[in-house]
Amino acid sequence: KIHIVQRNDTFQSIAEKYNVSVQDLIGMNTHINHLTGLVPGLKVKVPSPARKEESNVAQHIQILSEFRY
């Protein structure tokens with residue numbers, strides 16, 4: 001999905017609009033200079049929102065990987 005930046009858009013506002021994390025949004029848009037900010041007309045790639053089940057599985061894998069046997 002592609003989002004065209006509008007005036008006053010932020011990574012936070014775009015992430016909330018598409019129900020994705022700011023980290024995932026920034027991770028998909030390494031071509032954007034995050035220090036200068038978003039400018040109107042800029043194309044931002046938007047990741048698909050993680051389904052709750054996928055999120056839970058990833059969380060469990062992370063927890064399990066922290067244990068050392």
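Modeller: A residue counts as buried under 20% relative accessible area, as exposed over 50%, and as partly exposed in between (1.4 Å probe, protein chains only). The model is predicted: local features need pLDDT of at least 70, side-chain atom pairs count only at pLDDT 80 or more, and totals for chains, interfaces and linings use all residues. Residues are numbered from 1 along each chain as its sequence is written, and side-chain values use heavy atoms, with hydrogens and water left out.

Helices (DSSP runs of H or I, at least four residues) and strands (runs of E, at least two) are numbered from the N terminus. The protein chain has 3 helices and 2 strands, which follow one another from the N terminus as β-α-α-β-α.

The buried residues of H1 are Phe11, Ile14, Ala15 and Tyr18. Viewed down the axis of H1, they fall within an arc of 100 degrees, so they line one face of the helix; the arc is that of the directions from the helix axis to the C-beta atoms. The cover over these buried residues includes strand E1 and helix H2 (22-27); contact here means heavy atoms within 4.5 Å. On the face of H1 turned away from the buried side sit the exposed residues Glu16 and Lys17. Gln12 also lies in H1, and Gln12 is partly exposed because its relative accessible area is 43%. The C-alpha atom of Gln12 is separated by 9.0 Å from that of Leu25, 13 residues apart along the chain.

In soluble globular proteins, nonpolar side chains tend to be buried together.

Asn8 belongs to the loop between E1 and H1, and Asn19 to the loop between H1 and H2. Neither is a glycine, yet Asn8 has a positive phi of about 75 degrees, and Asn19 has one of about 60 degrees. Most residues other than glycine have a negative phi. Asn8 is exposed because its relative accessible area is 67%; Asn19, at 61% relative accessibility, likewise counts as exposed.

For the chain as a whole, buried residues make up 22% of the 69 residues. Among contacts with a separation of 6 or more, residues 24 or more positions apart account for 48%.

Confidence is expressed as pLDDT, the predictor's confidence in each residue, from 0 to 100. The chain averages a pLDDT of 83, and 71% of the residues score at least 70. Among the elements, strand E1 (residues 2-4) has the highest mean pLDDT (98), and helix H3 (residues 52-66) the lowest (60). Where pLDDT is low, the predicted coordinates should not be read in detail.
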